[in-house]
Amino acid sequence: MAQILAPSTQWQMRLTKVSTDASPLSSKMWSSLVLKQNNKRGAIKTSAKFKVLALKSDNSTINRLEGLLNLDITPFTDRIIAEYIWIGGSGIDVRSKSRTISKPVEHPSELPKWNYDGSSTGQAPGEDSEVILYPQAIFKDPFRGGNNILVICDAYTPAGDPIPTNKRHRAAEIFSNKKVADEIPWYGIEQEYTLLQPDVKWPLGWPVGAYPGPQGPYYCGAGADKSFGRDISDAHYKACLYAGINISGTNGEVMPGQWEYQVGPSVGIEAGDHIWASRYILERITEQAGVVLTLDPKPIEGDWNGAGCHTNYSTKSMREEGGFEVIKKAILNLSLRHSDHISAYGEGNERRLTGKHETASIDQFSWGVANRGCSIRVGRDTEKQGKGYLEDRRPASNMDPYVVTSLLAETTLLWEPSLESEALAAQKLALNV
């Protein structure tokens, strides 16, 4: 992110009552979405409305379905729909299902626990398949509107133990540590993603089986020959703002068909909750638009940029006078645990971290001021002001934000290297700490 601002006063765990005047993402909002696809079997015509329209038989059927999908139930009942969201067995897929709640809620503690069939998500054996969902954070539902909500959950066994794919539980333990909590860790996460044409799984806007012109004109570009999927990016931006996600910006990326949005600054566990909620919303929007979303860190081999999830990080001590020295000490710790971080920073990251395309080599830790080819980048403003934040450029686009954010806090605030290893690392990195 260009800079770290103060976090919003909104606290993601608590939800105020939604005005009935607020408008969810209705099907009419998609009428301008045009997907540029080249399909040898003929261009796929889509209104980019709800997917049920692919089954249309006549206009009257379509209109009736639209009316029901966009129906505002708020004037007729106090009951709401809660969409329970959790992370599936791959550690990157999002799953969800809906239930009726008797009245609007403001805090996840007001919601009941629920369960699902873990054998169908790769998270439990068939003979003991029940997995329990614990509501942890709530957001307004931009698809249903009204008082309806999205609920971020983590998953446990019936005995109350976190299942292996529940990374939130461990992250919450780290963030509740007094040494970490006192430092009020801020995170600004840059989530990159790639849009693919359906069926062929080739980037949006690319000729099927062929390549566009080389990289250069696409980053933050405008025009039908440079920007592919802007309506999806903009719809996602507004949906996140509606939901209460602390989204702070978006832009087209270096590779055509690739986009980025930024979430933060967020404090502690909030960063992971907001990223997962934003990913769920993006999956739903691309589902409606008939486009495939991928978080693969290197979706196209060759001379094309990969997709990362750069994580900007600061502590209270880093943001105060003399903070640059604290930042350098943090960089030293990060260098000594480089392999631990790399192993936790996303699957397939070795295809992206090659030392090319604005990345550092996966095998070598480095840092620098304003250098996007380093593992850790420090901004010019931070150097000039002597305080600020650092950017960890190593995480892949498919990283788990609970893992990355808590590991940064653990390494820089809780982990202590030996004096000998610290001295050797400081000398190697030219860090005078």
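Buried means under 20% relative accessible area, exposed means over 50%, and partly exposed lies in between. The model used here is predicted.

**Exercise 1.** Find the strand that holds Gln-136, then decide whether Gln-136 is buried or exposed.

*Solution.* 
- Step 1: Gln-136 sits in strand β4, residues 130-140.
- Step 2: The relative accessibility of Gln-136 is 17%, so Gln-136 counts as buried.
- Step 3: Look at the side chain. Gln-136 and Asp-154 are joined through their side chains by a polar contact of 2.9 Å.

**Exercise 2.** Describe how α7 and α10 are oriented to each other, and which residues meet.

*Solution.* 
- Step 1: Helix α7 covers residues 323-336 and helix α10 covers residues 401-414. Their axes come within 9 Å and cross at roughly 110°.
- Step 2: Angles of 65 to 115 degrees count as roughly perpendicular. Therefore α7 and α10 are roughly perpendicular to each other.
- Step 3: The crossing of α7 past α10 is right-handed.
- Step 4: From α7, Ala-330, Asn-333 and Leu-334 meet Leu-408, Thr-411 and Thr-412 of α10.
- Step 5: Sorted by class, this contact has three nonpolar, three polar and no charged residues.

Methods. Residues numbered from 1 in each chain as written. Predicted model: local features only at pLDDT ≥ 70, side-chain atom pairs only at ≥ 80, totals over all residues. Heavy atoms only, no water. Axes fitted to C-alpha atoms, helices over the stretch in contact; angles between N-to-C directions. Helix = DSSP H or I, 4+ residues; strand = E, 2+ residues; numbered from the N terminus. Parallel < 35°, antiparallel > 145°, perpendicular 65-115°, else oblique. Left-handed = near helix turned anticlockwise from the far one by under 90°. Contact = heavy atoms within 4.5 Å. Nonpolar A, V, L, I, M, F, W, Y, C, P; charged D, E, K, R; others polar. Buried < 20%, exposed > 50% of the residue type's maximum accessible area, 1.4 Å probe, protein only. Polar contact = N/O pair within 3.5 Å; in protein donor to acceptor, adjacent residues only side chain to side chain.
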